[in-house]
Amino acid sequence: MKWIIDTDPGIDDASAIITAVNSGALDILGITTVHGNVGLNHTTRNALKLVELMGADVPVYQGASRPILQKREHAAEYHGEDGFGNTSLAEPETKPQAQHAVDFIIEAANKHELSLLTLGPLTNVALAIAMDRGLEKQIKQIVMMAGTSRARGNTSPLAEFNIFADPEAAAVVFESGIPIIMVPWETCLDTVFGPETIAQIRNSSTQVGKAFAQAMEYSVERTTAYLGTEVLLLCDLLAACAAIDPSVITEQVEARVTVETGGRFSRGLTVIDERMDDGSKPNASIALACDRAKIAKMFLDAINAK
Ligand code: BDR
Ligand code: CA
């Protein structure tokens with residue numbers, strides 16, 4: 001099975017990309033970039049730079065620069081203006097592929113048995129579904145970091161960033177029928193890394209490990225201020241680890257997930273129906289708990305891989 005990583009790097013996206021690529025466990029056809037934490041030029045640049053730092057041979061395709069309907073959101077306050085902790089990474093030497101990310105996803109889905117690992121707003125995936133009628137039957141599964149399981153938002157009171165940044169796109173993806181494994185915000189909050197793991201990351205001596213450790217400080221500072229003790233929150237990493245090894249998810253529930261695209265207070269909310277009393281079928285498996293120790297080890301092994 002082949003994989004595409006759709007992403008908006010992003011400090012935690014970086015941890016997910018490093019783990020997915022350096023684990024060697026996933027056959028990755030390419031990385032597609034999307035607007036999100038910062039603008040598309042920065043997310044693409046960061047993806048290219050990470051691939052170069054790892055010395056990996058993974059092409060990067062640039063995707064959508066804005067959401068389908070609304071104005072662009074960003075999360076520079078948690079990722080820095082450059083999306084990588086304001087570390088002023090050197091410009092990448094490589095360039096993105098000429099093909100648009102959406103065309104690349106469609107082509108790959110028609111050629112291969114394909115799964116997607118999505119770490120940002122779902123604009124590219126929704127556009128691909130809208131452009132190719134049969135696509136939902138071609139994509140085997142989407143493992144995503146997105147949404148909330150208990151309506152505890154991080155961008156609005158009820159909505160998580162990746163959904164809030166393009167609710168229409170998220171609605172298209174959840175209605176598509178593609179099987180979804182969803183890692184929600186609450187599970188990420190329950191799976192933060194403490195001082196011991198942070199120190200091990202600071203000790204990494206590889207190129208990519210050092211670059212990540214530097215960028216991470218920005219995030220550690222903000223997350224620590226938010227949660228009150230020294231912690232590192234790497235949401236997207238959980239989804240990458242679940243793609244590599246589904247057993248990192250230790251508790252899950254099947255549900256019908258609908259994205260609220262209206263709502264005065266609730267736009268971007270993932271409405272979780274576990275009862276399905278109206279006869280609707282589950283469209284997602286929601287990760288409610290993860291194995292923190294296993295995930296920390298997978299990440300440390302990845303940043304320390306030569
Ligand atoms: C998600 O939003 C982004 O800021 C992170 O990269 C992650 O994908 C967390 O809500
Ligand atoms: Ca992300």
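Reader: By class, how many nonpolar, polar and charged residues does the shell around ligand 1 have?

Author: Keep in mind that this is a predicted model. The shell splits into 4 nonpolar, 4 polar and 4 charged residues. Going by name, ligand 1 is surrounded by Asp12, Asp13, Asn37, His79, Leu119, Met145, Asn154, Glu160, Phe161, Asn162, Cys235 and Asp236.

Reader: Which side chains have a polar atom by an oxygen atom of ligand 1, and at what distance?

Author: For a polar contact, look for a pair of N or O atoms within 3.5 Å. Here, glutamate 160 has a polar side-chain atom 2.5 Å from a ligand 1 oxygen. In the side chain of aspartate 236, an N or O atom is 2.6 Å from an oxygen of the ligand, and for asparagine 162 the corresponding value is 3.0 Å.

Reader: How much of ligand 1 does the protein bury?

Author: On its own the ligand would expose 280 Å², and the protein buries 94% of that.

Reader: And where does ligand 1 sit?

Author: You'll find ligand 1 in the largest pocket.

Reader: What is the volume of the largest pocket, and which residues are closest to its centre?

Author: The volume is about 510 Å³. The lining counts 25 residues, and Ala75, Tyr78, His79, Asn154 and Trp185 are the closest to the centre. Elements giving two or more residues to this lining are α1, α3 (76-79), α7, α11 (207-227) and α12. By class, the lining has 11 nonpolar, 8 polar and 6 charged residues.

Reader: Now the backbone. What should I have in mind before looking at phi and omega?

Author: Most residues other than glycine have a negative phi, and most peptide bonds are trans. In this model, the peptide bond from proline 9 to glycine 10 is cis, with omega near -10°. Glycine 10 belongs to the loop between β1 (2-7) and α1.

Reader: Which residue other than glycine has a positive phi, and where does it lie?

Author: Take serine 88, with phi near 50°. Serine 88 is in the loop that runs between α3 and α4 (101-111).

Note on methods: Residues are numbered from 1 along each chain as its sequence is written. Chains are lettered from A and ligands numbered from 1 in the order in which they are written. This is a predicted model: local features need pLDDT of at least 70, side-chain atom pairs count only at pLDDT 80 or more; totals for chains, interfaces and linings use all residues. Side-chain values use heavy atoms; hydrogens and water are left out. A residue is near a molecule or strand if one of its heavy atoms lies within 4 Å of it. A polar contact is a pair of N or O atoms within 3.5 Å; within protein, one must be able to donate a hydrogen and the other to accept it, and residues adjacent in sequence count only if both atoms are side-chain atoms. Accessible areas come from the Shrake-Rupley method with a 1.4 Å probe; for residues, only the protein chains shown count as cover. On a 1 Å grid over the protein atoms alone, a cavity is a set of points where a 1.4 Å probe fits but cannot get out, and a pocket is an open set with protein on both sides within 12 Å along at least five of seven lines; lining residues have an atom within 4 Å of a point. A molecule sits in a cavity or pocket if more than half of its atoms lie within 2 Å of its grid points. Ala, Val, Leu, Ile, Met, Phe, Trp, Tyr, Cys and Pro count as nonpolar, Asp, Glu, Lys and Arg as charged, and the others, Gly among them, as polar. Grid points are joined across faces, edges and corners, and a volume is the space filled by probe spheres set on the points. Helices (H or I, at least four residues) and strands (E, at least two) are DSSP runs, numbered from the N terminus.
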